[in-house]
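Please consider the model shown below.

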Amino acid sequence: MPLYVRPALPQDDQFVYQLVWQVMYDQLHAALWDPSIRNVLLDLQVRSKNGAYAAVHPHADHAIIVLDDQPIGRMLIDRSGEYYQLVDISILPKRRGAGIGTRLVLAFCMEAEMMRKNVRLYVSITNPRAADLYKRLGFRVIEDLQTDLLMERTPGAHAQVIAAP
């Protein structure tokens, strides 16, 4: 089960769009929306999210998460500032819960630690499972923004998870 991350390529655009669409569908409980407007609204949400990331993080690295030679997710990482920022990590729903995200976040934190950089990320308050994971990985809340938590991990922070399954 080889897991790796590679740079995103133009041919990955459709996969990334579908992945973000699925994530937004789940996060926004789109199954409850009127079917006649669901796809249009989700399309707007996906394009808005991608546009916001591009505007705020123009130097972010776009990567595709690959497992068994199949794309299963994406990571956006911005290393251009005084700290490293995990802008986004998204994994296909059927691949979640297997420790993949944990391994990738820990690897990113190890890289940041080697560079003596803090790592920051935002997590939605509607995603307590992710917030709990980040806390176990040594992140702490530095600001509650009502809709999101800004979390940070400093070099030397200890994770409660040594290795993912």
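I37 has a relative accessibility of 40% and therefore counts as partly exposed; in this scheme buried means under 20% relative accessible area, exposed over 50%, and partly exposed in between (1.4 Å probe, protein chains only). This is a predicted model, in which local features need pLDDT of at least 70 and side-chain atom pairs count only at pLDDT 80 or more, while totals for chains, interfaces and linings use all residues. Residues are numbered from 1 along each chain as its sequence is written, and side-chain values use heavy atoms, with hydrogens and water left out.

I37 is located in helix α2 (residues 35–56). Together with V40, L41 and L44, I37 makes a nonpolar surface patch of about 340 Å². Patches are made of residues with over 30% relative accessible area and no salt bridge, where like charges are joined within 9 Å and nonpolar side chains (Val, Leu, Ile, Met, Phe, Trp, Tyr) within 5 Å. Accessible areas come from the Shrake-Rupley method with a 1.4 Å probe, and for residues only the protein chains shown count as cover.

The protein chain contains four helices and seven strands, arranged along the sequence as β-α-α-β-β-β-α-β-α-β-β. Helices (H or I, at least four residues) and strands (E, at least two) are DSSP runs, numbered from the N terminus. The C-alpha trace spans about 50 × 40 × 30 Å along its principal axes. Of the 165 residues, 41% are buried. The protein chain exposes about 9,600 Å², of which carbon and sulfur atoms supply 55%.

The structure holds three aromatic pairs. Rings of Phe, Tyr and Trp (its six-membered ring) pair if their centres lie within 6.5 Å; planes under 30 degrees apart count as stacked, over 60 as edge-to-face and the rest as tilted. W21 and Y25 are stacked, because their ring centres are 5.4 Å apart and their planes lie at 20°. Both residues belong to helix α1 (residues 13–27), four residues apart, or about one turn of the helix. Y134 and F139, by contrast, form an edge-to-face pair, because the centres are 5.7 Å apart and the planes lie at 65°. Y134 is buried at 9% relative accessibility, and F139 is buried at 4%.

How many salt bridges does a search of the whole structure find? The search finds nine, a salt bridge being a side-chain nitrogen of Lys or Arg within 4 Å of a carboxyl oxygen of Asp or Glu. One of them joins D43 and R47 (2.9 Å, N to O); these residues are four apart in helix α2 and so are separated by about one helical turn. E111 and R79 also meet in a salt bridge (2.6 Å, N to O). This pair links distant parts of the chain, with E111 in helix α3 (residues 100–114) and R79 in the loop between β3 (70–78) and β4 (84–91), 32 residues apart. A further salt bridge connects E113 and R153 (3.6 Å, N to O). Here E113 in helix α3 is linked to R153 in strand β7 (residues 148–153), 40 residues apart. E113 is partly exposed at 26% relative accessibility, whereas R153 is buried at 8%. Finally, salt bridges that share partners join D61, R79 and E111 into one network.
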